[in-house]
Amino acid sequence: GHPAASSQAAHRTTITFWHGMTADHQAALTQLVNRFNRSQTRYRVVPVSQGNFGTLQQKITVAAKSDTLPTIAQTTYTNVPNYVQGHLVVPLDAYLGKRPFQDVVPVFRQSISYRGKAYAFPFSKSARILFYNRDLLKQQNVALPATWAALHQDGKRLKSQHITALALDQSFLTELNDLTYQAGTPLITRGPRANLNTKQTRAATHVLWDMLQDHTATTAGNAGYGSTQFFAGKTLFYSGSSAAIPVMQASAPKGFHWGTTVEPRYHGRQGTSVSGNDIVLFKSASPAQRRGAAAFLHFLLQKKQTIQWAEKTGYLPLTTSACQDPHYQRYLARHPNARAAVRSLDFGFQDRAFQGYPQYFTAINQSLDRLTTTQTSPEQALPQLQQRVNTILRENRGA
Amino acid sequence: MKKLLIGGRYLLLALGAVAMLLPFVWMVVISLQPAATTLTLPTFAWSSALHWENYRHAWRLAPFAQYYGNSLLVTATTTGGQLFTSILAAFAFSHLHFYGRRLLFRGLIALTMIPGELLLIPNFITLTHLHWINTYAALIVPWLTSIFAMFALRQAFLTHPQSLYYAARLEGASDWQYLWHVLVPLNRPVITAVGLLQAIGSWNAFMWPLIVTNSPRLRTLPVGLMTFTSQTGTNYPLLMAATVFVVVPLLILYLALQKYIVAGITRANLKG
Amino acid sequence: MLNPKPSLKTTLHALAYLAPLLIITVLFTVWPLLSAVRLSLATRSNFYTGRVTAYGWANFGALWHDPDFHRAVQHTLLFTLGVVPASVLLALGVALLLNRLPHCARFFQTLYFLPFVTSTVAVSLVWGWLFQADHGVVNGLIHTNIDWLNDPHYSLLALILLCLWQSLGFNILLFLAGLNHIDDRYLLVAQLNGATAWQRFWHVTWPLLTPTVILITVNALITNFKVFDQVYALFHGSAGPANADLTLTYYLYQKFYIENQTGLAAASGLVLFGLVLLITGLAGTYFHHWTRWLRKDAR
Amino acid sequence: MEVTFQDITLAYPHQAPTLAHFTWTVPDGELTALLGPSGSGKTTLLNLLAGLLTPDHGRLLFDQVDVTHQGMGQRNVGMVFQDYALYPHLTVHDNIAFPLKMAHVKRAEREAQIRQFAALVRVTPFLQKYPRELSGGQQQRVALARALIQRPAVLLLDEPLSNLDAELRVTLRQEIRRIQQATGVTTIFVTHNQTDALQIADTITLLHHGQVQQTGTGHQLYHTPANLTVARFIGSPRLTTLPFAALAPALPDSLAARFASSATLVGIRSEALLATPTPIPLLTTQTMRLTAQDFLGRDIVSHLRWHQQDLISTALPPLAPGEYPLGLAAPGCYFFAANGRCLWTGGTDHAES
Amino acid sequence: MEVTFQDITLAYPHQAPTLAHFTWTVPDGELTALLGPSGSGKTTLLNLLAGLLTPDHGRLLFDQVDVTHQGMGQRNVGMVFQDYALYPHLTVHDNIAFPLKMAHVKRAEREAQIRQFAALVRVTPFLQKYPRELSGGQQQRVALARALIQRPAVLLLDEPLSNLDAELRVTLRQEIRRIQQATGVTTIFVTHNQTDALQIADTITLLHHGQVQQTGTGHQLYHTPANLTVARFIGSPRLTTLPFAALAPALPDSLAARFASSATLVGIRSEALLATPTPIPLLTTQTMRLTAQDFLGRDIVSHLRWHQQDLISTALPPLAPGEYPLGLAAPGCYFFAANGRCLWTGGTDHAES
Ligand SMILES: Nc1ncnc2c1ncn2[C@@H]1O[C@H](COP(=O)(O)OP(=O)(O)OP(=O)(O)O)[C@@H](O)[C@H]1O
Ligand SMILES: Nc1ncnc2c1ncn2[C@@H]1O[C@H](COP(=O)(O)OP(=O)(O)OP(=O)(O)O)[C@@H](O)[C@H]1O
Ligand SMILES: [Mg+2]
Ligand SMILES: [Mg+2]
């Protein structure tokens, strides 16, 4: 405690920021925050790590019910409809204005608004990409698959070599999302309406399910991430999140060469799920805090900050200008593996947020889990799922 | 014959001990592997050098000294409080007669059946009203009782001959004096065991401290363990190193208390 | 007193001893329980504001029709059945082996206590590794290649094994303390009366140990009915493959914190409460008979 | 402190009352011995007194103050339990110190008293031992010291000497007597040993069938028993009984006639059968057959046979088996009614008065 | 089964040996009474026998077979513990049944035996009660039944009758005697009650200072004690002692001269001081002062004073205090050496032979 510093600090408005980042990510975030706090004298952002995203979410729930929410918190935009219904969050545009969002990468912009207002500020975003084993690719003389069909064909050939073509994470929901999006029939469409038992969805599900059935693809199961098998040299490809790149780099065995590319096409179209977390501003914040939060978010969108954030954490830069920035381009040149994700932004998409999304998410994950771990076929699972999701949607519309 | 029996006993115990020990050994071995955040569990690599520096790194990654202090404080006070309140209640349930004794006892046991997940939010709201969020009080006060401890102690208190109680009362001891001068020393093994179990529970408690505190100043060791895990991967060696130094105080505590747990007072002191 | 007669005075006296426990329990258990009851009856409410606009039994009805809930009940019962008897008996067995061991008693006791000291997170990681399909130690030992954690047929068993292993130390410690409480002379007399080792155990140790056995069994029933942490940790925040390890508390957690279905969650919590009450009540009635000799007031 | 039991009834759960309408007064400042067969309710009485039991009915008075519903802490009663109730976790020293500690007696004063009482009961060498390391008799002595050191208003001793050898027994009972007389504490002493009772008690009460059978000095109980129960219970060897009809022909006519209708049983003490001639006045002289003699220390127990009846005498010198003329002295010869009441006690007909 | 202790030494932790080089043989098939002051090691001896203790040194033989290191299960020893050690969780019935159950005795047979033994010790009405619901004496009887029903090869009874009233005591000791004689089981009976010992034991052994002081019949121990310890321990009232020098002038000259150099103490039994004239041959007649008389049932204890010495007699009739010429009989008068050895026992100089 420097007396001057502390008296000055007393005048500052404190902005509490709950997040779920740990380790290196937390360090990067702290750096950003410190820089913000130094950059001005009116606000002070206090980041509080609340464990992982699961515990963070639980904490927000608890805090919401007892009126002890922070100023801002990291969360996914899919929670926004529920928060809006609970009168927990306030729109950001009132404080931030529309302008800052204009530069935000278009795909991220999709998730910002709910019922015409901007609630979710994109923060730690990543895209689904395809990792490949360079040496194995060369050895087996396989080209990078342009389509899911090609991937399946290659897989059948590789099976004789006791190589599985594709490793998936525990759940293949993201890939299924991609496929249905590519087919032009997303799982959830405006309304919201669930299209889980349509012909197209069944076909898309079969693409993955068939691969799992004939062992040209495998899920990670309890290991969580498909990278385990991928690094073991047992699979040629691994469909995973770009956020994992830094970790993959750290955990790759010595002499293991790998690369990344965009997800294959289906029905001739490209499409990649973008996921990650956003930041919301809570209603309980005072006007001064709201203004401070806006200033902080504004600060995060600045090119320098967002590029640094992306470079340090492996998340994607938030603005188009940052993506095109020569500085960042140089970084990409040095880190070719990071390129696939940035490229994916052009055809990236995000799920539609709606009330009851968490229930929907649980339901569909459970169904997909059943498809992978039991003998259930899509024809058996999907009608049930459709029914269940219909109920969920109906109930939430009523609420 | 007797020797054979003893030998068999050791053999069985040793077999079981391997199963008990294996995960712990594994933990220590992993903690000595080269550190890096990974998506997969590392496997043994015996040949490589032992990375003792992992412990140093893990210690530095989070304010563990602070966490240690908090854990010590919280564990000591909650365990002490639990023992105190449980001893009192166990005494009432085993030695005193009052209306509704059986009903109340059963009711309390029944209460332990409520899953904590259900109580979390209402309790949080209560603490908010008390303005205790983010204070030591929130970490300590709700845990100052343990119905399990009460149950365990009552079971032990029940087995003592009543004549001891009467003798003490006649000799001018109040209930209070009898409790602390006779019953508690007599039950030291059980009290120590229960206290140890409660201390371990408190030391390892994770969800509650995380939920009711917001600043690292108040957080406890298990929360510190989260430092090494993120959505995108886990630094297993560092996590295991940290786990080891979270566990070690408990082990020391256990070793220190062990002799009290197995030192019976009622044991007939015949040789042989 | 030998022939107790409760009176207002004795009741007040006893209340003084019970007060600290009761105050905290009422504040932090009974009160929340009541609010849970209220929630369980709320059919229309705002999750965040907690404002209820309609009451009814609909939540219980929904549980009655929810196949996931049925599964959760079934798994919980199976799980408890798998863990409790085995855990109590194994712990007793080990405690008996450890009790009055001529040499290295402390050493072995410490080993057996290790799993309980170690935090659940680390333990689950370790077991996740032990249960691996390919190089897992468990498969190596029994010469199988079961995918313990991904095969819905085995994942509950895996959970059972983990919980058994972890709870052993706890129960052993209590048993050791309980065994120590028994006056040796009864065993000596039994030996003079010609009892074999087994007879001594069955006719003397076991009955004299009943207070401890009851404690451990009731406690094991309750904790295992509420199993959650281990599921969460072993399956990384899921309920196992194809929901094969969905337990009641996990169900509650999922409804509450993930799906924000407060009413359902509270209702399932109450059903769990009722179920444990029923089962421990049955166990209690059974034990009641055993402890006739202990009861001092009446026979 | 005078202790009065007023019409007290007590039944343990699920069984007939152990005490029914029981009335008894323990005189203030005296040492009262309580005798009675095993299971007659002696311990129950003490427990009532100490407040460990509450009567189902009736009142308990301490100096006319009703203490029936007072707690055990308030009564200031000291007790030696039949099973000693020593604190297993305390050394002998601390066991004896316990009551003083509870009363917050100063350390120096406490130590002095402990030393004194330990010496009294001869456990000084064991002060640092735990109860489980003591012999039975040593434990009993510790229990005695613990009860005595408390200096209670009423002292209850439940067989405090049962496990002691004759010598210690004599010493300790004299000590108990001395302490009792010095402090004037009302003391109740339960014992099975008549010598103990006869030696130290001011009065003896015999309890049987939940009722006081007789209260009096040892001499009274022995020589003028109120009824058959008392006469049989007091005295060793036990009183020999024979039908009045069997003895009547041998009795002086006036005596036989007087009790012909009322008496049914005759009781004869072992010392009332004497070798003749003797200066003591005799009721009758009969020829009896001596079948055997047991030598028990200074006693010679002679087994006699007379008209199909077995009799016992301790007043005969060593003799060879055979027929001898023996005299029956009036003192030591009692007549009992059918209901057990004593009608005649060797000439001093107190029972009739 | 003959039981032999061979040079046995046993010390409890941190204290001097309770038994040191202890040698003793318990004759086969007899009932041996073990007497000794409190803390003399009687219970310790029984525990050694039962196998609850292992000697530090020496051997224990059962019929010449070394059982020193055998477990207790193999020895087939029955025991009544001084504190009964009844199983608290079993009813009286099940407590008594326990040894039979362990031996897998058939149910019908078992029940018959239980009924028989319960009746023997008079606990039939309490069969369904738990030990804590019994009186002290009732508990003791249950313990006795449990030990007897087992029909062991060696039966150890540690004060089995201490809490029983005189009547029960007589009955039960006769039963013990009867069972012992019927089955011929080697029995050791620890007691503080000399009458018990004298009444039923084949031989009596007196233990003191970790050593056997004397073994013999009751008559032998009483009339020809091996040493002062024995003479003092046996007999009630206790033996009166006075310096030899004080009595010597009153003794016949030859006797006084013979023991002048060796004897230091004279012991006089209470029955050896008689009123004169008496037909019994006397050593001397002296005028003594009668100070008081106690009436203890049939005994009259007279306190006498003679040449600054206190003497006790139980052979005087009721008399007023005053001076009387009293005779000292030779039987009941002992001379002891400085080391306690008995030199002369009223004419039967066994101690010298
Ligand atoms: N807690 C109890 N529950 C039921 N019955 C009891 C209880 N305590 C004693 N009794 C019964 O009451 C009667 C009197 O018991 P009490 O202990 O007073 O006898 P006592 O005269 O002390 O006998 P003893 O000389 O054998 O100790 C006995 O028949 C006994 O069985
Ligand atoms: N477990 C023990 N630890 C230490 N000393 C003991 C132990 N048991 C007995 N002693 C001591 O050994 C001596 C002999 O004890 P023991 O019990 O054999 O006496 P005893 O002859 O049975 O006496 P009593 O007639 O009083 O029962 C006593 O002085 C006693 O203090
Ligand atoms: Mg009694
Ligand atoms: Mg003894």
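## A residue at a chain boundary

Asp369(A) is in contact with Thr374(A), Gly240(C), Pro241(C), Ala242(C) and Asn243(C), leaving aside its neighbours within four places in sequence. Contact means heavy atoms within 4.5 Å. Asp369(A) is found in helix H19 of chain A, residues 357-373. Helices (H or I, at least four residues) and strands (E, at least two) are DSSP runs, numbered from the N terminus.

Asp369(A) is buried yet has no salt bridge. Buried means under 20% relative accessible area, with a 1.4 Å probe and protein chains only. A salt bridge is a side-chain nitrogen of Lys or Arg within 4 Å of a carboxyl oxygen of Asp or Glu. The nearest side chain of opposite charge is Arg370(A), 8.4 Å away.

## About the model

This is a predicted model: local features need pLDDT of at least 70, side-chain atom pairs count only at pLDDT 80 or more, and totals for chains, interfaces and linings use all residues. Residues are numbered from 1 along each chain as its sequence is written, chains are lettered from A and ligands numbered from 1 in the order in which they are written, and side-chain values use heavy atoms, without hydrogens and water.

## Chains A and B

The contact takes 28 residues from chain A and 25 from chain B. The area buried between these chains is about 2300 Å², and carbon and sulfur atoms give 68% of that. Buried area is the accessible area (1.4 Å probe) that two parts lose on being put together, summed over both. Lys59(A), Val62(A) and Val247(A) supply 22% of the area that chain A buries against chain B, more than any other three residues.

Between chain A and chain B there are 0 salt bridges. There are 7 residue pairs in polar contact, both at pLDDT 80 or more. A polar contact is a pair of N or O atoms within 3.5 Å; within protein, one must be able to donate a hydrogen and the other to accept it, and residues adjacent in sequence count only if both atoms are side-chain atoms. H3(A) gives the most to the side of chain A that touches chain B, with 9 residues.

## Chains B and C

Here 100 residues of chain B are in contact with 94 of chain C. The buried area is about 8800 Å², with 75% from carbon and sulfur atoms. Salt bridges between chain B and chain C number 0. Polar contacts join 25 residue pairs, both at pLDDT 80 or more. Helix H1 of chain B (residues 2-31) brings the largest share of the side that touches chain C, 16 residues.

Note on methods
Buried means under 20% relative accessible area, exposed over 50%, partly exposed in between (1.4 Å probe, protein chains only). Lys and Arg count as positive and Asp and Glu as negative; His and the chain ends are not counted.
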